[in-house]
Amino acid sequence: MTRPVAWETFTAILFDLDGVITPTAVVHMRAWEEMFNAYLQEKSPGAPAYTDQDYFAYVDGKPRYDGVRDFLASRDITLPEGTPADPPELETVCGLGNRKNNAFNMVLARDGVEAYPGSVAFLDYLATLDVRLGVVSSSVNAPTVLKAAGLLDRFETVVSGAVADEQGLPGKPAPDTFVYAGKVLGATPSEAVVLEDAVSGVRAGKAGDFALVVGVDRGAGHDTLTAAGAGLVVSDLAELVPDHHSPARGAQQ
Ligand SMILES: O=P(O)(O)OC[C@H]1O[C@@H](O)[C@H](O)[C@@H](O)[C@@H]1O
């Protein structure tokens with residue numbers, strides 16, 4: 001059983017959003033699947049389908065257009081980059097990304113978002129401590145998702161994909177967005193914790209030398225997250241609330 005984490009000893013706790021606080025990683029997954037499979041069938045009928053394995057290997061946790069580019073590269077497809085203003089019909093990296101974004105926003109508007117109860121329990125617990133909380137998400141939609149979940153006011157800073165673009169910060173797996181959020185909250189990486197469900201995000205936390213990287217296993221796999229640099233892996237954030245009796249697996253850094 002893992003030694004409990006002394007959360008009060010850290011200055012800042014930095015949360016990924018999709019798949020860590022809200023179950024929206026699944027909405028992203030389905031929207032990517034729908035878009036890529038329609039595109040592949042149209043471009044080369046009979047091509048092997050895009051699968052969840054592709055999502056975890058090439059898309060998960062990355063900024064929108066990086067995900068498009070990296071998946072297409074895995075199928076030896078190179079498209080012109082285009083620009084973020086490209087309409088979804090255009091066959092460019094940005095056009096395809098925007099196609100997927102429309103599907104994502106349709107589901108969001110239709111179904112709304114409810115946070116993971118265990119994540120809310122952990123946020124409630126942290127609110128009793130003197131620690132500062134931030135969200136670091138590759139998604140441009142992060143503030144919308146947080147607002148829909150009723151959690152926007154729980155965080156002092158939200159470093160979304162839009163903030164990263166404004167600040168010229170490279171996305172995950174580069175550590176820059178986490179380091180930037182830490183700085184905003186007055187914490188160096190050695191004083192901050194990263195919580196992530198995506199391999200690219202865990203790698204970012206590891207590369208930034210954060211005090212602790214917590215992997216949240218929502219499908220990427222315990223061993224994969226550990227190999228990417230997670231010092232502790234849980235399957236739900238409720239496991240991080242002291243006195244919770246289902247033990248977290250892995251070793252604290
Ligand atoms: O919502 P956006 O800006 O298109 O960002 C998409 C990405 O946002 C990330 O938060 C998710 O982890 C990715 O899986 C997703 O693809």
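For burial I count a residue as buried if 20 or more other C-beta atoms lie within 10 Å of its own. I keep in mind that this is a predicted model.

I started with strand 2, residues 132-136, and asked how many of its five residues are buried. Four of them are, so the strand is largely enclosed by the rest of the structure.

Next I looked up its partners. Strand 1 (residues 12-15) pairs with strand 2 in the parallel sense, over four bridges. In that pairing I found Leu14 opposite Gly134. Strand 3 (residues 157-159) also runs parallel to strand 2, and three bridges join them. Here Val135 has Val158 as its bridge partner.

Strand 2, helix 6 (residues 142-148) and strand 3 make a β-α-β unit, and I noted it as right-handed.

The contact uses 16 residues from domain 1 and eleven residues from domain 2.

Which element gives the most to domain 1's side of that contact? I got helix 9 (residues 199-207), with three residues. By class, I logged that side as seven nonpolar, seven polar and two charged residues.

**Helix 9**

That sent me to helix 9 itself. Seven of its nine residues are buried, so I put it down as largely enclosed by the rest of the structure. The buried ones are Val199, Ser200, Gly201, Val202, Arg203, Ala204 and Gly205.

What do they pack against? I listed helix 2 (52-59), helix 8 (176-184), strand 4 (192-196), strand 5 (212-216) and helix 10 (222-228). I also checked what follows the helix: Asp209 does, and its phi is positive, near 60°.

**Around the ligand**

Last stop, the ligand. I found 17 residues around it, the closest being Asp18, Arg64, Ser139, Val140 and Asn141. Helix 1 (24-43) and helix 3 (64-74) are the elements that give two or more residues to this shell.

Where does the shell come from in terms of domains? Domain 1 and domain 2 each supply at least three residues. By class, I noted five nonpolar, nine polar and three charged residues in the shell.

Conventions: Residues numbered from 1 in each chain as written. Predicted model: local features only at pLDDT ≥ 70, side-chain atom pairs only at ≥ 80, totals over all residues. Buried ≥ 20, exposed ≤ 12 C-beta atoms within 10 Å, placed from the backbone. Pairing = 2+ DSSP bridges. Right-handed = clockwise from strand over helix to strand, strands pointing away. Contact = placed C-beta atoms within 7 Å. Nonpolar A, V, L, I, M, F, W, Y, C, P; charged D, E, K, R; others polar. Near = placed C-beta within 6 Å. Domains from an automatic or database assignment.
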